[in-house]
Each structure stands twice: as structure tokens, then as C-alpha cells.
Amino acid sequence: MGNTYRATGERAKAIYGEDILELDLSVADERDALEGKQLELLPRTYRVLSDNFATAAQGETFDAAYPVEIESALIAGGHIARVTEDDTEPMTESVTDDTKTPDDTDVPPTEDGATPDPDKKGK
Amino acid sequence: MSVQVLLDVYVSVNSVVLSDHGNQVTVTDTRAELDATAFGATNKIVAKGIGDGTISMQLFQDFAAGKTHATLQPLLNSSTAVPVEIRPTSAARSATNPATLMQGLLLNYNFLQGQVGELSTITAEFRNGSQTGITYPTS
């Protein structure tokens with residue numbers, strides 16, 4: 001899984017040009033390029049999946065520029081996921097059982113899959 | 001005299017809050033001791049050398065997504081230092097609640113340890129992985 005960079009050093013500009021580019025660099029190559037100020041790591045958008053991530057709340061999105069290994073560890077740990085352009089809908093938290101009111105009893109969906117209006121329940 | 005009872009210590013690894021799984025932390029910020037004693041001396045003299053830092057923590061093991069194992073295990077194979085932050089309480093950083101911050105490399109992780117009938121607890125030890133060493137930010 002590649003990261004997005006911009007060439008900042010003269011050598012990198014000669015190799016990659018001055019446009020924003022997507023590269024699939026190894027950990028060592030990325031570290032060399034960043035520490036050598038040849039490439040600048042550009043932020044991307046992530047969605048928080050876990051409930052113990054300090055940067056943002058579960059379901060929220062945030063922008064960050066994570067090196068390959070940091071991003072990999074957070075994704076593998078189930079904390080964040082990349083938000084792609086066709087995946088920008090915010091996640092909504094599901095209603096848990098203990099937040100339901102006595103009137104919110106489960107109503108099975110109708111045969112066409114739609115959830116019936118609870119006000120018409122039993123009528 | 002105001003004493004501190006550890007009740008609500010904040011433990012964060014790679015921006016993941018693991019406080020609710022932790023029950024012990026140790027932050028060690030040291031400077032190398034260099035023997036500067038020369039011939040003719042009547043007392044040993046030490047000079048202070050370069051710094052070093054270690055943050056170790058004891059956590060309850062949890063294999064659920066986003067919890068102890070899922071957070072720590074990927075870091076064992078990582079050579080990139082991650083932020084490790086400890087605060088006396090979970091309140092925001094302040095002069096009376098200073099953080100301990102270190103870019104750390106996870107060098108020791110005990111996947112399982114304990115005896116029959118015990119809670120499964122693990123220890124994780126982070127060593128300093130950057131030239132900034134351990135810092136104590138208050139904001």
C-alpha cells in the first residue's frame with residue numbers, strides 16, 4: 001500500500017518531477033527519503049474504527065501523514081482505515097440495546113426488506 | 001505535602017489509549033555515568049554522559065481488535081519509533097499533570113505470562129528511539 005509524496009529535494013525532483021506522486025516505498029527507502037528531505041509525506045484521510053484512538057473519536061475522519069510502518073501498525077491493529085474518494089460517507093454509530101427506550105422494540109422488516117414504521121406496529 | 005495516588009494513569013502507545021488495560025507503568029530517564037577519576041584522586045568522580053530512556057508497562061492481555069495485542073504486536077516488527085505517552089491522570093497535560101513523552105521502539109513484548117487461574121497480563125518495554133529522548137511536556 002503506497003503513500004502520497006511530493007518531491008522536495010533536487011535529486012527527487014529530477015527523478016519524480018514536481019507533481020504529487022504515489023509511491024510504494026519500502027520502510028528503509030521511505031525513511032531515507034524523508035530524513036534526507038528528498039520527499040515530503042502528504043497527509044491523507046483516515047476513519048477511526050476503534051474506541052480508544054486518541055486522535056479522533058470512533059467513526060470520525062481525520063487527516064494525517066503516517067510513515068509506512070506507523071500506518072501499517074494502526075491498520076493492522078484495527079484502529080484506522082483509509083478513506084478513499086468513493087468512501088466519504090461518515091460512519092454512524094449503531095444504536096445499542098441499552099440505549100433503546102421501551103417503545104423501541106425490535107420490529108422485523110417486511111418481506112421487501114424495508115423497516116416498517118414503528119408507529120403502525122400492531123395496527 | 002501533596003502525595004499522588006495512581007488511580008487514573010493515562011497510557012498511550014502510537015496514539016492508542018490503553019489506560020483501561022494497564023495497571024503498572026515505569027518511566028526511566030537516565031544519563032550514563034562516566035568515571036572521570038584520574039591518578040592521584042582521593043575521591044571517585046563521575047561525569048554525566050548521554051541520555052537514555054525506557055518506558056515499561058504492564059497491561060491486561062486482550063486479543064480483540066484495537067486492544068492490547070492488536071496494538072502492540074505490529075510494533076514489535078516495526079523499526080519506526082512511535083509516540084509513547086504517560087500522564088499521572090487522564091486529564092489534559094498541564095503543569096500539575098505533566099506528560100512523559102518518548103518516541104519509543106517496542107523491544108520486549110510478553111505475549112502470554114502467568115499461571116493457571118491468573119489474569120492474563122503482559123509486559124511491554126519501549127526503549128528510546130529518537131534524539132529527543134524523554135520529554136515532559138505540560139501543554
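Trainee: What share of the contacts in chain A with a separation of 6 or more is accounted for by residues 24 or more positions apart?

Mentor: Such residues account for 51% of these contacts in chain A, where a contact means heavy atoms within 4.5 Å. For chain B the corresponding figure is 62%. Please note that this is a predicted model, in which local features need pLDDT of at least 70 and side-chain atom pairs count only at pLDDT 80 or more, while totals for chains, interfaces and linings use all residues. Residues are numbered from 1 along each chain as its sequence is written, chains are lettered from A and ligands numbered from 1 in the order in which they are written, and side-chain values use heavy atoms, with hydrogens and water left out.

Trainee: Which pattern does chain A follow along the sequence?

Mentor: The pattern of chain A is β-α-β-α-β-β-β-α-β, with three helices and six strands. Helices (H or I, at least four residues) and strands (E, at least two) are DSSP runs, numbered from the N terminus. Chain B reads β-β-β-β-α-β-β-β, with one helix and seven strands.

Trainee: Why is Phe53(A) called buried?

Mentor: Its relative accessible area is 5%. Buried means under 20%, exposed over 50% and partly exposed in between, with a 1.4 Å probe and protein chains only. Phe53(A) is therefore buried. Phe62(A), at 9% relative accessibility, counts as buried by that rule.

Trainee: How many aromatic pairs does a search of the whole structure find?

Mentor: Over all chains, the search finds five aromatic pairs. In one pair, the rings of Phe53(A) and Phe62(A) have their centres 5.6 Å apart and their planes at 35°.

Trainee: Which residues of helix H3 in chain A are buried?

Mentor: In H3(A), residues 68–76, the buried residues are Val68(A), Glu69(A), Ile70(A), Glu71(A), Ala73(A) and Leu74(A). After this helix comes Gly78(A), with a positive phi near 80°.

Trainee: Why does Lys37(A) count as exposed?

Mentor: Its relative accessibility is 62%, a value over the 50% limit, so Lys37(A) counts as exposed. Lys37(A) is placed in the loop between helix H2 (27–35) and strand S3 (39–41) of chain A. Its phi is near 60°, a positive value in a residue other than glycine.

Trainee: Is Asn14(B) buried or exposed?

Mentor: Asn14(B) has a relative accessible area of 4%, under the 20% limit, and is therefore buried. The loop between strand S1 (10–13) and strand S2 (16–17) of chain B holds Asn14(B). Phi of this residue, which is not glycine, is positive and near 55°.

Trainee: What lies over the face of Tyr10(B)?

Mentor: Arg87(B) does, at 4.0 Å from the ring centre. A charge sits over a ring if NZ of Lys or CZ of Arg is within 6 Å of the ring centre and within 35 degrees of the ring normal.

Trainee: Why does Thr68(B) count as buried?

Mentor: The relative accessibility of Thr68(B) is 0%, which lies under 20%, so Thr68(B) counts as buried. This residue lies in helix H1 (residues 68–76) of chain B. Leaving aside neighbours within four places in sequence, its contacts include Leu18(B), His21(B), Leu59(B) and Ile122(B).

Trainee: What makes Gly22(B) partly exposed?

Mentor: Its relative accessible area of 28% lies between the 20% and 50% limits, so Gly22(B) is partly exposed. Gly22(B) is in strand S3 (residues 22–35) of chain B. Beyond its neighbours within four places in sequence, Gly22(B) is in contact with Gln58(B) and Leu59(B). Gly22(B) and Thr68(B) are 46 residues apart in sequence and 9.4 Å apart in space, C-alpha to C-alpha.

Trainee: How many residues does chain B have, and what percentage of them count as buried?

Mentor: Chain B has 139 residues, of which 35% count as buried. In chain A, buried residues make up 32% of the 123 residues.

Note on methods
Phe/Tyr/Trp six-rings, centres within 6.5 Å; stacked < 30°, edge-to-face > 60°.
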